[in-house]
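Subject: Structure handover

Dear colleague,

Here is the structure you are taking over.

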Amino acid sequence: MDNKRAEGFFGEDNWKYVLRDRERLPLKPTLDAEPSYEWILQGLHDPTQPYWRAKHVRRYAYWSVFAGACGHTYGDNAVMQFYGGKEEPSQGVNSYGVREDWKTSLHHEGSGQMKYLKELMTSVNFTEGEPKDKLLIGGQREKHERIAIFAGADFLFAYTYLGKAFELDTREYKGFEAWWFTPSKGIYSYLGKIEGERFKACPPEVFDEDVDRVLVLRR
């Protein structure tokens, strides 16, 4: 891989593609067209590797949209290749460790969860929002610990993939209502009003793998 290509490859940090494109002029809409497919092998052709699951698909979606993408592309392994359930690999299908036929895979949980992101974004005037890492007290975190923040004058969204606590500068959001939003279910849990200039966000303890949460602040 040459230096130019190496500098342009961000791996799982797909939000970096969005920020890079947003720095280019003239400014144009951008999105991550192929982050990962649900139920596809992480190694593509290596059956010893785990599968990309709904939680990974959500992470890519929220990271990129909260970075300012104009949308998000969801994909599923079986649907992508229209795997019917009986074809052999020699027929050019049954690739990437596909496990179920495409009709069954239409009901995979990740696909149904994408609508919750759309509903969250359209609940505010998202066209006035922008990434606001500067509001994260203590600085941005690395890799999966990243806290993706997208905010406007009338709202703030902060996504934590690992469900870890973080602290925000809330001087611009005093008096706003606060909720925890669950991306896997589209459920809100009310927290109260933001009273101080700093807010310690502590996601509730959960007992399954769906630990990701969005802190939602709105007037």
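**Salt bridges**

Arg146 and Asp133 form a salt bridge through their side chains, with N to O at 3.6 Å. This pair links distant parts of the chain: both residues sit in the loop between β1 (130–131) and β2 (147–152), 13 residues apart. Arg146 counts as buried because its relative accessible area is 5%, under the 20% limit. Asp133, with a relative accessible area of 27%, is partly exposed. Elsewhere, salt bridges with shared partners join Asp13, Lys16 and Lys143 into one network.

Please keep in mind that this is a predicted model.

Lys16 is partly exposed at 29% relative accessibility, whereas Asp13 is buried at 6%. Another salt bridge pairs Asp21 with Arg20, where the closest N and O atoms are 3.9 Å apart. Asp21 is partly exposed, with a relative accessible area of 22%, and Arg20 is also partly exposed, at 28%. The search of the whole structure gives 14 salt bridges.

**Pockets and cavity**

The largest pocket has a volume of about 460 Å³. Its lining comprises 21 residues, and the closest to the pocket centre are Val65, Ala69, Cys70, Gly71 and Phe126. Helix α6 (residues 109–121) supplies the largest share of this lining, five residues. By class, the lining of the largest pocket holds 10 nonpolar, seven polar and four charged residues.

The second largest pocket holds about 240 Å³ of space. Among the residues that line this pocket are Tyr37, Ile40, Leu41, Trp52 and Tyr96. Its lining is made up of seven nonpolar, two polar and one charged residues.

One cavity of 30 Å³ or more turns up in the whole structure, and the largest cavity has a volume of about 40 Å³. The residues lining the largest cavity include Trp39, Asp76, Arg99, Glu100 and His108. They divide into three nonpolar, two polar and three charged.

**Leu41**

Leu41, one of the residues lining the second largest pocket, lies in the loop between α2 (15–22) and α3 (54–66). At 3% relative accessibility, Leu41 is buried. Leaving aside neighbours within four places in sequence, the contacts of Leu41 include Asp46, Pro50, Trp52, Tyr96 and Gly97. Asn77 is 36 residues from Leu41 in sequence, and their C-alpha atoms are 8.7 Å apart in space.

Regards

Definitions and conventions:
Residues are numbered from 1 along each chain as its sequence is written. This is a predicted model: local features need pLDDT of at least 70, side-chain atom pairs count only at pLDDT 80 or more; totals for chains, interfaces and linings use all residues. Side-chain values use heavy atoms; hydrogens and water are left out. Helices (H or I, at least four residues) and strands (E, at least two) are DSSP runs, numbered from the N terminus. Buried means under 20% relative accessible area, exposed over 50%, partly exposed in between (1.4 Å probe, protein chains only). Contact means heavy atoms within 4.5 Å. On a 1 Å grid over the protein atoms alone, a cavity is a set of points where a 1.4 Å probe fits but cannot get out, and a pocket is an open set with protein on both sides within 12 Å along at least five of seven lines; lining residues have an atom within 4 Å of a point. Grid points are joined across faces, edges and corners, and a volume is the space filled by probe spheres set on the points. Ala, Val, Leu, Ile, Met, Phe, Trp, Tyr, Cys and Pro count as nonpolar, Asp, Glu, Lys and Arg as charged, and the others, Gly among them, as polar. A salt bridge is a side-chain nitrogen of Lys or Arg within 4 Å of a carboxyl oxygen of Asp or Glu.
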